[in-house]
Amino acid sequence: MSYFDHFKELRNRLIFCFIFLISIFIISFFYSEKITNILTFPLYDAVSDKENKRMIFTGLPEVFVSYLKISLFSSFLVSFPFFIIQMSLFISPALYKKEKKFFIPLFYSIPFLFYIGVLFSYFFLIPIIWEFFVSFENLKSSNYFSIELESKFNEYIRLTMYLLFSTGFAFLFPIFLLFLAKLKIINSQILRNNRKYYFIGILIFGAVFTPPDIISQLGIAIPLFIFFELSIYFIDFLNKK
């Protein structure tokens, strides 16, 4: 294929991805209220007085804009495997047979690990973080005023989607290491010798991409530590094979 044919193929793949994303976005917008209920359930489950709790908004377009963000968020989650498939279909013709045996399974494991990270964040990490933050609510304070939670809708949605995305992409860390190992940029011995620097980098990543509390930072850092150690053994296994 000529360079023009390659660019034409890439253009077609990108158009397919865009059409698929927009289609899912439109469908998601019609179900944005139900998706919102799913995203707000961890906070609802964490508060004690569920009947009298509410979420507030202070700007007229705030809820509508948040619904648009939720629809875009859900459309990306649904479309992510389709993006990976289109990428693999574009790249696979340029790979040798041995390279396909390595890179194609690696490509298809990307959405799997991403979804594992999103589910880990939703069912484990976020409930722990919300429990920690809600624990500061004090309705029977000895001070003049009680401390009561009234969460702002758009701030909650933004923080929740941020946590889901950051955890999902953090779980792609072993894919990144395996890809670098295949390109001969790193190897298992380099990872072992520089383990402490990688651990420091993981802690910095957890501090930057999570809220400023030790629970959420460790909630992302500990799985990454485990992934790092497993990647070393998996790289050794691939080299021997």
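This is a short tour of a predicted model, stop by stop, for you to follow in your viewer.

Select residues 62–91, helix α3. Its 30 residues reach 41 Å from the first C-alpha to the last, close to the 44 Å expected at 1.5 Å a residue.

**Stop two: the core.** Next, show L39 and W130, the residues with the most contacts inside the largest nonpolar core, which has 50 residues. Colour the helices that each supply at least two of its residues: α2 (32–46), α3, α4 (97–134), α5 (153–170), α6 (173–182) and α9 (214–240). Helix α4 gives the largest share, 14 residues. Which residues is L39 in contact with, leaving aside neighbours within four places in sequence? Select I70, F73, Y156, I157, T160, M161 and L164 to see them.

**Stop three: salt bridges.** Start with E9 and R13, whose closest N and O atoms are 2.8 Å apart. Both lie in helix α1 (residues 3–30), about one turn apart. R13 is buried at 17% relative accessible area, while E9 is partly exposed at 24%.

Then pick R54 and E150, paired at 3.1 Å, N to O. They sit 96 residues apart, in the loop between α2 and β1 and the loop between α4 and β2. R54 is exposed, at 54%.

Finish with R195 and E229, at 2.7 Å, N to O. This pair links helix α8 (residues 195–208) to helix α9. R195 is partly exposed at 27%, as is E229 at 23%.

Conventions:
Residues numbered from 1 in each chain as written. Predicted model: local features only at pLDDT ≥ 70, side-chain atom pairs only at ≥ 80, totals over all residues. Heavy atoms only, no water. Helix = DSSP H or I, 4+ residues; strand = E, 2+ residues; numbered from the N terminus. Expected span 1.5 Å × (residues − 1). Core = buried A, V, L, I, M, F, W, Y, C linked by side-chain atoms within 4.5 Å. Buried < 20%, exposed > 50% of the residue type's maximum accessible area, 1.4 Å probe, protein only. Contact = heavy atoms within 4.5 Å. Salt bridge = Lys/Arg side-chain N within 4 Å of Asp/Glu carboxyl O.
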